[in-house]
Amino acid sequence: MSTLQGKKSLQRSSNMMVLLAILLGLGGAALTSVAGDSPLPAFGAALLLAAIVLWFWGLAHYCMSKGYGGSLAAIGILGIIGLIILAVLPDKLKADAPPVMSETNYPRPDISAGPTVD
């Protein structure tokens, strides 16, 4: 797998994990606020725990897709502020890419002279 494919794969998985973590966190918070003898608060707490794990796992993938180590995801302890901090970090993989020498990635023949007949 090339670096670009690996980066896109990490970005896709990080987006899905962070979104799922937010949704699970909202659902878990709603269920833990239920009063009474029902098992819903315990289920909500389990959802919150799963959301926390997915949050840090998704942020670790996001950090790796930008060329940083997964341990930088610890900034995620700040919540949405940590996500914003990670979003504004420069992309190391983009900085390491070779410069584009022309508009296209392949050489094109000069067609300004018209068709050639052999």
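Reader: Why is serine 65 called buried in this model?

Author: The model is a predicted one. Serine 65 has a relative accessible area of 0%, and buried means under 20%, so serine 65 counts as buried.

Reader: What makes up the surroundings of serine 65, beyond its neighbours within four places in sequence?

Author: With those neighbours left aside, serine 65 is in contact with Lys7, Leu10, Gln11, Asp91 and Leu93. Contact here is heavy atoms within 4.5 Å. Serine 65 itself belongs to helix H2, which covers residues 40-65.

Reader: Which backbone oxygen does the side chain of serine 65 reach, and what makes that a polar contact?

Author: The backbone oxygen of tyrosine 62, at 2.7 Å from the side chain of serine 65. The cut-off for a polar contact is 3.5 Å, and 2.7 Å falls within 3.5 Å, so the pair qualifies.

Reader: Where is tyrosine 62, and what does tyrosine 62 touch outside its sequence neighbourhood?

Author: Tyrosine 62 is also in helix H2. Leaving out neighbours within four places in sequence, its contacts are Ser14, Leu86 and Ala87.

Reader: Which residues of H2 are buried?

Author: Gly44, Leu47, Ala51, Leu54, Trp55, Gly58, Leu59, Ala60, His61, Tyr62, Cys63 and Ser65.

Reader: Why does histidine 61 belong with the buried residues?

Author: Its relative accessible area is 14%. The limit is under 20%, so histidine 61 is buried. Histidine 61 sits in H2 and, with neighbours within four places in sequence set aside, is in contact with Leu10, Ser13, Ser14 and Met17.

Reader: What follows H2?

Author: Glycine 67, whose phi is positive, near 95°. Leucine 72 is in the loop between H2 and H3.

Reader: Why is leucine 72 called partly exposed?

Author: Its relative accessibility is 27%. Partly exposed lies between the 20% limit for buried and the 50% limit for exposed, so leucine 72 takes that label. Apart from neighbours within four places in sequence, leucine 72 is in contact with Cys63, Leu86 and Leu89. The C-alpha atoms of leucine 72 and leucine 59 are 8.3 Å apart, with 13 residues of separation in sequence.

Reader: What makes up the secondary structure of the chain, and what fraction of its residues is buried?

Author: The chain has 4 helices and 0 strands, in the order α-α-α-α along the sequence. Of its 118 residues, 23% are buried. The chain exposes about 8,500 Å², with carbon and sulfur atoms supplying 70% of that area. Among contacts between residues at least 6 apart in sequence, 51% join residues at least 24 apart.

How values were computed. Residues are numbered from 1 along each chain as its sequence is written. This is a predicted model: local features need pLDDT of at least 70, side-chain atom pairs count only at pLDDT 80 or more; totals for chains, interfaces and linings use all residues. Side-chain values use heavy atoms; hydrogens and water are left out. Helices (H or I, at least four residues) and strands (E, at least two) are DSSP runs, numbered from the N terminus. Buried means under 20% relative accessible area, exposed over 50%, partly exposed in between (1.4 Å probe, protein chains only). Accessible areas come from the Shrake-Rupley method with a 1.4 Å probe; for residues, only the protein chains shown count as cover. A polar contact is a pair of N or O atoms within 3.5 Å; within protein, one must be able to donate a hydrogen and the other to accept it, and residues adjacent in sequence count only if both atoms are side-chain atoms.
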